[in-house]
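Student: I would like to go through this model with you and set each label against the rule behind it. Could we begin once the structure is on the screen?

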Amino acid sequence: MDTERKFKEYLTQYCDIEPKDMTGEMRFLEDLGLSSFDFMSLLGDLEDNFDLELDPETIGNVTTIGEALSLIEKTRKTA
């Protein structure tokens with residue numbers, strides 16, 4: 001399963017938008033309606049399910065689906 005599809009499937013646990021309707025420009029808080037707690041829970045799930053260790057400083061700059069996918073790919077390549 002590719003990263004984007006897997007990521008969007010995890011994201012559906014936190015919002016009511018289908019993966020096929022998600023775009024890279026969608027913002028987690030404003031467009032998808034995630035609370036700060038939901039966002040932090042999502043990040044924990046991503047670390048567990050993608051076997052990543054995300055830098056807390058970098059996470060603060062992630063606001064969209066596209067940015068999150070880029071961070072996942074970048075983190076996987078440097079691991």
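Student: Why is T64 called buried?

Tutor: The label buried is given under 20% relative accessible area, over 50% being exposed and the range in between partly exposed, with a 1.4 Å probe and protein chains only. T64 has a relative accessible area of 12%, and therefore T64 is buried. This is a predicted model, in which local features need pLDDT of at least 70 and side-chain atom pairs count only at pLDDT 80 or more, while totals for chains, interfaces and linings use all residues. Residues are numbered from 1 along each chain as its sequence is written, and side-chain values use heavy atoms, with hydrogens and water left out.

Student: Which residues does T64 touch, not counting those up to four places away in sequence?

Tutor: With contact taken as heavy atoms within 4.5 Å, T64 touches G24, E25, M26, R27 and F28. The side chain of T64 also reaches the backbone oxygen of G24 at 3.4 Å and the backbone nitrogen of E67 at 3.1 Å.

Student: What makes the protein chain agree with a compact globule?

Tutor: The radius of gyration is taken over C-alpha atoms, and the globule rule is 2.2 Å times the number of residues to the power 0.38. For 79 residues that rule gives a value near 12 Å, and the protein chain has 11 Å, so the two agree. Along its principal axes, the C-alpha trace spans about 30 × 25 × 20 Å.

Technical notes. A polar contact is a pair of N or O atoms within 3.5 Å; within protein, one must be able to donate a hydrogen and the other to accept it, and residues adjacent in sequence count only if both atoms are side-chain atoms.
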